[in-house]
Every structure is written in structure tokens, then in C-alpha cells.
Amino acid sequence: MTVLEQAMTGGFVHRPGFLASLLGLPRARRAERALAARVRALLARAGLAARAEQPAARLRRAEAWRLEIVRALAAAPRLLLLEAPRAAWRPDDAEALGLLLRELCEDGLTVVVGERSLGYV
């Protein structure tokens, strides 16, 4: 699966219905196009827009974590719970994740982080 396809799986909880999607009804196609557009915007925000059409299996560890966050955001949650999100990351990747999480908080999303490094939190 590509990075875009992986990220879109999180948004399928809001699909118009299995049968409508299976039959390719217009409302299902519209919903999928809207989801793809929303997910592309989330990928851009997470710094993964250039990797959208590449296989997700080729992502570095930090990129794969950001993809997981994008997939969770595709479901339009009100709360995001992360356990040790920066474990074994390079310092620059951890900083980029921190900035993304800060932006999400500023946009009104509640983010709960379980992390050993209090300086990071």
C-alpha cells in the first residue's frame, strides 16, 4: 500500500456504507475523493506529502510514526493518545514531531502523551 492509501484507512470509519462503496455509487466516490483531499492535507502538514505515492513500507521509523498519526487524524478524533512517541528517534525527528503535536493542540485537538522525558512533554 502507498502512504496515501495507508493514511486513508483511518478515515473509512466515516464512509457512506459498505454496499455503496462496493458498488461505486456516486456518494461513495465523492466521499472517497473528499477523504483523499483531507488526507493529502494532513500528509503535507506532517511532512509526508512528497512520499504520498510511495510504498509505506519504505518509510523511515520517524516517518512511519508520523504516518500513524496522520491515519489517526483521518478519523477526525477529538482526542489523540500517544505512548512514547519519540522512542529511539533522532533529535531532529523528535523536534519535528513536537512541533506537529503543538500545532494540533493549538488547533483544538486534545493530545495526551505518555513519555518518560519530561523535558520533551
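Here are legends for a few close-up views of this predicted model.

Numbering starts at 1 along each chain as its sequence is written. Since the model is predicted, local features need pLDDT of at least 70 and side-chain atom pairs count only at pLDDT 80 or more, while totals for chains, interfaces and linings use all residues; side-chain values use heavy atoms, with hydrogens and water left out.

**View 1. A positive patch takes in R29.** R27, R29, R30 and R33 make up this positive surface patch. Patch members have over 30% relative accessible area and no salt bridge, with like charges joined within 9 Å; areas come from the Shrake-Rupley method with a 1.4 Å probe. Lys and Arg count as positive, and the charge of Arg is placed at CZ. R29 sits in helix 3, residues 26-45 (helices are DSSP runs of H or I, at least four residues, and strands are runs of E, at least two, numbered from the N terminus). R29 is partly exposed because its relative accessible area is 44%, and the cut-offs are under 20% for buried, over 50% for exposed and in between for partly exposed.

**View 2. R40 pairs with E53.** Side chains of opposite charge can pair when their charged atoms come close. Here R40 and E53 form a salt bridge at 2.7 Å, N to O (the rule is a side-chain nitrogen of Lys or Arg within 4 Å of a carboxyl oxygen of Asp or Glu). The pair links distant parts of the chain, with R40 in helix 3 and E53, 13 residues apart from it, in the loop between helix 3 and helix 4 (61-74). At 40% relative accessible area, R40 is partly exposed. The salt-bridge count comes to 7.

**View 3. R45 meets D107.** This salt bridge has an N to O distance of 2.3 Å. R45 is in helix 3 and D107 in the loop between helix 5 (91-106) and strand 2 (110-114), so the pair ties together parts 62 residues apart in sequence. R45 is partly exposed at 33%, whereas D107 counts as exposed at 54%.

**View 4. R60 and E63 belong to a network.** The closest N and O atoms of the R60–E63 salt bridge are 4.0 Å apart. R60 is partly exposed, at 34% relative accessibility, but E63 is buried, at 9%. Salt bridges with shared partners join R51, R60, E63 and D93 into one network.

**View 5. Q6 and its contacts.** Q6 lies in helix 1, residues 3-8. Leaving out residues up to four places away in sequence, Q6 touches M1, A56, L67 and R71 (contact means heavy atoms within 4.5 Å).

Notes: Patches are made of residues with over 30% relative accessible area and no salt bridge: like charges are joined within 9 Å, nonpolar side chains (Val, Leu, Ile, Met, Phe, Trp, Tyr) within 5 Å. Buried means under 20% relative accessible area, exposed over 50%, partly exposed in between (1.4 Å probe, protein chains only).
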